Amino acid sequence: MVDLYSEMRLQKSHAGKLKVDEILDAMDEEDRASLRAALCDSGVQTQRVAHVLTEQGWPVSWSAVNNWRRANA
């Protein structure tokens with residue numbers, strides 16, 4: 001059996017850019033401004049942001065949106 005702990009330690013960390021930051025970087029200026037406004041608006045539900053982004057071709061989970069909001073908003 002594989003030593004899971006050893007295997008996990010070998011994996012590279014994904015620390016760095018959050019998924020939402022990667023999406024923001026890839027968007028044009030107008031879409032970026034619109035997404036930032038939604039992300040900073042506490043009246044827009046996290047799940048709704050994730051759903052609309054995914055529908056528009058930017059697949060992202062609600063937890064990725066939530067992580068961005070906790071770190072930035």
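## Crossing of α4 and α5

The crossing of α4 and α5 is right-handed, a crossing being called right-handed if the near helix is turned clockwise from the far one by less than a right angle, and left-handed if anticlockwise. This is a predicted model, in which local features need pLDDT of at least 70 and side-chain atom pairs count only at pLDDT 80 or more, while totals for chains, interfaces and linings use all residues. Residues are numbered from 1 along each chain as its sequence is written, and side-chain values use heavy atoms, with hydrogens and water left out.

Helix α4 (residues 46-55) packs against helix α5 (residues 62-72) at an angle of about 120°, their axes lying 8 Å apart; α4 and α5 are therefore oblique to each other. Thr46, Gln47, Val49 and Ala50 of α4 make the contact with Trp62, Val65, Asn66 and Arg69 of α5, where contact means heavy atoms within 4.5 Å. By class, the contact of α4 with α5 has four nonpolar, three polar and one charged residues.

Helix α3 (residues 29-40) has twelve residues and reaches 16 Å from its first C-alpha to its last, close to the 16 Å expected at 1.5 Å a residue. At the start of α3, a side-chain oxygen of aspartate 28 comes to within 3.2 Å of the backbone nitrogen of glutamate 30.

The axes of α3 and α5 are 10 Å apart, and the two helices pack at an angle of about 80°; α3 and α5 are therefore roughly perpendicular to each other, a term that covers angles of 65 to 115 degrees. In this contact Arg36, Ala38, Leu39 and Cys40 in α3 meet Val65, Trp68 and Arg69 in α5, and the classes are five nonpolar, no polar and two charged residues.

## α2 against α5

Helix α2 (residues 19-26) and α5 have axes that come within 8 Å and cross at roughly 90°, which makes α2 roughly perpendicular to α5. Lys19, Val20, Asp21 and Leu24 of α2 make the contact with Ala64, Val65 and Trp68 of α5, and by class the contact of α2 with α5 has five nonpolar, no polar and two charged residues.

Note on methods:
Helix = DSSP H or I, 4+ residues; strand = E, 2+ residues; numbered from the N terminus. Expected span 1.5 Å × (residues − 1). Polar contact = N/O pair within 3.5 Å; in protein donor to acceptor, adjacent residues only side chain to side chain. Axes fitted to C-alpha atoms, helices over the stretch in contact; angles between N-to-C directions. Parallel < 35°, antiparallel > 145°, perpendicular 65-115°, else oblique. Nonpolar A, V, L, I, M, F, W, Y, C, P; charged D, E, K, R; others polar.
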